[in-house]
Amino acid sequence: MLALKRGMGRKLAELAEIAGMLHDYTSYFVEESDDHAHLSAPHVKALLEQTGEFTDEEIEMVTNAVYNHSDKGRVDTPFDEVLKDADAHVKAYKETHEGWL
């Protein structure tokens, strides 16, 4: 939704959704790490390549966004920033509603 609101178009919004689903990839298999973004990126790249459904450019965009999503103090590409902002929104929501359920 953020990608659409920022005028990126449906194709980039779909890629942003994929990046969002995969950005914490290694956190599902190993204990949470401060470096999980950097550790997840090569696994996400391999997964996307295996599908045969993505261009090299699309794989690079998603992989870079995953790699950079924890570096909130640095400004990267607009696509990367969508994932960073979505990640920050989810984290803020979880922290605000922790213990409510």
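**Views of a predicted helical protein**

**View 1. Asp87 and the residues around it.** Apart from neighbours within four places in sequence, Asp87 touches His23, His69 and Lys72, where contact means heavy atoms within 4.5 Å. Asp87 belongs to helix 5, which covers residues 78–97; helices (H or I, at least four residues) and strands (E, at least two) are DSSP runs, numbered from the N terminus. Asp87 counts as buried because its relative accessibility is 18%, with buried meaning under 20% relative accessible area, exposed over 50% and partly exposed in between (1.4 Å probe, protein chains only).

This is a predicted model, in which local features need pLDDT of at least 70 and side-chain atom pairs count only at pLDDT 80 or more, while totals for chains, interfaces and linings use all residues. Residues are numbered from 1 along each chain as its sequence is written, and side-chain values use heavy atoms, with hydrogens and water left out.

**View 2. The helices and the overall fold.** The protein has 5 helices and 0 strands, and its pattern along the sequence reads α-α-α-α-α. Of the contacts between residues at least 6 apart in sequence, 44% join residues at least 24 apart. The C-alpha atoms fill a box of roughly 40 × 35 × 30 Å, taken along the principal axes.

**View 3. Burial and charge.** Of the 101 residues of the protein, 32% count as buried. There are 10 positive and 21 negative side chains, and the centres of the two sets lie 5 Å apart; Lys and Arg count as positive and Asp and Glu as negative, without His and the chain ends, and each charge is placed at NZ of Lys, CZ of Arg, CG of Asp or CD of Glu.
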